[in-house]
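Subject: Structure handover

Hello,

Here is the structure we talked about, with my notes below it. Please have it open while you read.

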Amino acid sequence: MNILITGGKGQLGTELVKCFERGSTELGTPDILKSENNVRAIDVDELDITDINAVREFFRENAFDCVINCAAFTNVDGCETSFDAAFKVNAIGARNLAMACRDCGGKLIHVSTDYVFSGDGSTPRSECDLPAPKSAYGSTKYLGEQYVREFCPKYFIVRTAWLYGYYGKNFVKTMINAGRKFGKLTVVNDQRGNPTNAADLAHHLIKLIDSEEYGVYHATGAGECSWYDFAAEIIRLAGVNAEVSPCTSAEYSAAHPEAADRPFYSALDNAMLRVTVGDEFRPWQEALACFMKNFRETEEFGNLGK
Ligand SMILES: NC(=O)c1ccc[n+]([C@@H]2O[C@H](COP(=O)([O-])OP(=O)(O)OC[C@H]3O[C@@H](n4cnc5c(N)ncnc54)[C@H](OP(=O)(O)O)[C@@H]3O)[C@@H](O)[C@H]2O)c1
């Protein structure tokens, strides 16, 4: 198959590229990896997905059976202050890829977020629940989802959450870095969600490539916790000597008035995966422990906090 990965230099895009290079994921070998594929990974330096003419031109020259869109404006606080830029990437960029996939008959696997939900509930949201985003990030990602549905018949919208992996910046690396630097961390304890290892997500995205079970998917690590629980486990597994203390969202907002509002409860239920291609996500603690075991052997781990 001819497969395109956009956002190919980002956290998730790089993880996907490595899976195709290795011919396996951390969770196994999905069927598609057992056959020959033509995989191309691109980022904004090669194609700006917000430029409709550039996207049209790119797809005129290259046809794809499947596009995995990992490109996004992912800085949640930055989306508040740079709304137009976030709108362009998260909504218009998604629309442009959806139209291009429709025109070449390809599938589009579009990655979205738990932040499309308001966070007002207290039980995991399934794909049946209606989004009601409260941040610019969530709103622009939700419009992107709507465009994907509208313009591409062969779509998979895959909502993930609290993503971390070996490549790029993420919460896990930030906690290790800050823990080593300051010896103490204060982390929000009243927002709950699902930490998700990018390796587990990549496995499921690859499984969807040769499926025709189109629709909306929730795809997150099993089990839920607060940011505080997540941080405490990161610090423990990383062997960092730092004290982790809980705080409320109100306390955090008072100290960081520029920060976007985040949902209090955004845990997701992977119902669609369960009833279609299978939900193989590991419990978040197990996936984090596996990540940490590998990450501790890297030079980057040693350099954090210096
Ligand atoms: N990270 C999380 O915690 C999280 C949680 C839920 C959902 N998600 C979703 O998961 C997906 C992957 O996230 P990630 O963590 O891998 O993000 P990431 O590391 O920020 O990667 C996104 C990539 O998209 C590129 N990009 C930005 N604007 C572009 C444009 N106009 N054209 C082409 N490429 C562009 C970025 O390039 P630059 O770096 O040069 O801007 C970056 O390489 C996104 O859809 C995100 O919304 C992430």
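Of the 27 residues around the ligand, which come nearest? They are G7, G10, Q11, L12 and A71. Please keep in mind that this is a predicted model.

As for secondary structure, helix 1 (11–22), helix 4 (83–104) and strand 4 (107–113) are the elements that give two or more residues to the shell around the ligand. Helix 1 gives the most, with 3 residues. By class, the shell holds 12 nonpolar, 11 polar and 4 charged residues.

Helix 1 also packs against another helix. Its axis comes within 9 Å of the axis of helix 7 (residues 198–209), and the two cross at roughly 65°. The crossing is right-handed. On the helix 1 side, the residues that meet helix 7 are Q11, L12, E15, L16 and C19. Their partners in helix 7 are A198, A199, L201, A202, L205 and I206. Sorted by class, the residues of this contact are 9 nonpolar, 1 polar and 1 charged.

One more residue to look at is A41, which is found in strand 2 (residues 38–42). A41 counts as buried because 20 other C-beta atoms lie within 10 Å. Leaving out residues up to four places away in sequence, A41 touches I5, G8, G13 and V17. From A41 to S211 the separation is 170 residues in sequence and 21 Å in space, C-alpha to C-alpha.

Regards

Methods:
Residues are numbered from 1 along each chain as its sequence is written. This is a predicted model: local features need pLDDT of at least 70, side-chain atom pairs count only at pLDDT 80 or more; totals for chains, interfaces and linings use all residues. Helices (H or I, at least four residues) and strands (E, at least two) are DSSP runs, numbered from the N terminus. A residue is buried if 20 or more other C-beta atoms lie within 10 Å of its own, exposed if 12 or fewer, and partly exposed in between; C-beta atoms are placed from the backbone. Two residues are in contact if their C-beta atoms, placed from the backbone, lie within 7 Å. A residue is near a molecule or strand if its C-beta atom, placed from the backbone, lies within 6 Å of it. Ala, Val, Leu, Ile, Met, Phe, Trp, Tyr, Cys and Pro count as nonpolar, Asp, Glu, Lys and Arg as charged, and the others, Gly among them, as polar. Axes are lines fitted to C-alpha atoms, for helices over the stretch in contact, and angles run from 0 to 180 degrees between N-to-C directions. A crossing is left-handed if the near helix is turned anticlockwise from the far one by less than a right angle, and right-handed if clockwise.
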